[in-house]
Amino acid sequence: MPSETSGLQRDIQVIRRRWWVFIPFAVLGLLAALAIGAVSGGSTAVATMTLDTTVHDLVVGGDRGLRIFEAQAMTADPAFKEKVIAAIGEPDFDYARFSVSLFPISVGDGISRGTLTVSISDPEKAKAERYRKAFVDVFTAEYTKPDGLFRTRFVDRRREVAANAEADYQAAFQRLAQATAGKGVDLAALVETRGEANPLVFVTQQRVELERQLAEAKGALAAVPGASPEAAAAVASAVIGQPVQSGQAVAVLSARVAALEAALREYSQLAPALPEQQLDAATQALLNEVRGLRQVRDTAYVNLGNAQIAVRSAESRIETSYSFSGGLTGSLAGRVAVALAVTVIFGLAAIFALEWLSPSRRPGEG
């Protein structure tokens, strides 16, 4: 061993002699760690979810709500927010801290793909990751489960539309019933025209057909007296479309003529109550409104049925990747590192500066 103290030993002795200099810098390091952690913006946890929904039993308009845009809209649903907050376990948690963005990839009949990105920041890395996991777990379940919000919201909206259309139709029908009360109008015949421009068209068509059948029956009835019983039975069978026994042709045809004449009398009584020309302009406009609302109601219920088929046949897949950014100084380890760095670096610099400037330095110490 050399007789003189080595440089390292000399430095250690200096540090031991002036260790108290570290104390103010330790306090400074602690304050610096807290300050830097506060302004560092916290830790940001990010989840990128690739979404894919395929509707196998596709019906017209049946998958319009099972699109990637509806997956993003689901994240703003109050029921979805409640599920996420419950999964987090903090009743006062501010759901607005989540940032959700969508990038559509492809949208077509029966197929919808896109990327949904969710991020959240927190001073503590562990909390940011816990919040992110709660969101992703809830979203995955509600997006893929048969009874999840992604599907039930779609069907519920269609059901609500149908219920509203039914209510509008019934309200308009009641107004029409009040407007036509006492006028002998058959509302069912007027409204349920299934798109006919005028309900009289239907009545006219039926009367023409009945008159044709009546003329045919009367012609056969006039011809059978001069024919043989077998020939008369064959003619009667051709008219009524059923076998007729020999000798019964006149009786059968007479009954046919009587039935057709009775049917024509009924239509003659019905026709005067059906023409729309008997209605005033206001009632006519109300009638047209009721007809339109009936068609809207029928379409709404068809769409509801289509939606129920679509959600049962839909298959949803999701792939999730995670990333993390910033906020290292906001974690406990980061703060400790900042405090130690300030304490050691500035403390050592101050100790050796004091030692260099101290008048009590021994001769020979360089």
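Is Arg 153 buried or exposed? Arg 153 is buried, because its relative accessible area is 16%. Buried means under 20% relative accessible area, exposed means over 50%, and partly exposed lies in between (1.4 Å probe, protein chains only).

This is a predicted model: local features need pLDDT of at least 70, side-chain atom pairs count only at pLDDT 80 or more, and totals for chains, interfaces and linings use all residues. Residues are numbered from 1 along each chain as its sequence is written, and side-chain values use heavy atoms, with hydrogens and water left out.

Stay with Arg 153 for its partner. Glu 70 forms a salt bridge with Arg 153, and the closest N and O atoms are 3.8 Å apart. This pair links distant parts of the chain: Glu 70 sits in helix H3 (residues 68-74), Arg 153 sits in helix H6, and 83 residues separate them. A salt bridge here is a side-chain nitrogen of Lys or Arg within 4 Å of a carboxyl oxygen of Asp or Glu. Helices (H or I, at least four residues) and strands (E, at least two) are DSSP runs, numbered from the N terminus.

Now follow helix H6 itself. H6 covers residues 149-179, which is 31 residues. From its first C-alpha to its last, H6 reaches 44 Å, close to the 45 Å expected at 1.5 Å a residue. That expected span is 1.5 Å times one less than the number of residues. The buried residues of H6 include Phe 150, Phe 154, Arg 158, Ala 162, Ala 165, Tyr 169, Ala 172 and Leu 176. An α-helix has 3.6 residues a turn, so residues three or four places apart point the same way.

Step back to helix H5 (residues 125-144), where Glu 142 lies. Glu 142 counts as buried, because its relative accessibility is 8%. Which residues does Glu 142 touch, not counting residues up to four places away in sequence? They are Met 74, Phe 80, Lys 83, Gly 148, Leu 149 and Phe 150. Contact means heavy atoms within 4.5 Å.

Strands come next. S2 (residues 99-108) and S3 (residues 111-122) run antiparallel, joined by nine bridges. Two strands pair if DSSP finds at least two bridges between them. S2 and S3 form a hairpin with two residues between them. Gly 110, in the turn, has a positive phi of about 85°. Val 107 stands opposite Ser 112 in S3.

Return to the charges. How many salt bridges does a search of the whole structure find? It finds 18. One of the pairs is Arg 317 with Asp 52, with the closest N and O atoms 3.0 Å apart. Arg 317 is in strand S4 (residues 314-325) and Asp 52 is in strand S1 (residues 43-55), 265 residues apart. Arg 317 counts as partly exposed at 36% relative accessibility, whereas Asp 52 counts as buried at 13%. A network of salt bridges links Asp 52, Arg 113, Glu 315 and Arg 317.

Glu 261 and Lys 218 also meet in a salt bridge (3.5 Å, N to O). Glu 261 lies in helix H10 (residues 249-270) and Lys 218 in helix H8 (residues 199-223), so the pair ties together parts 43 residues apart in sequence.

Trp 20 lies in the loop between helix H1 (7-17) and helix H2 (22-39). Trp 20 is partly exposed, because its relative accessible area is 45%.
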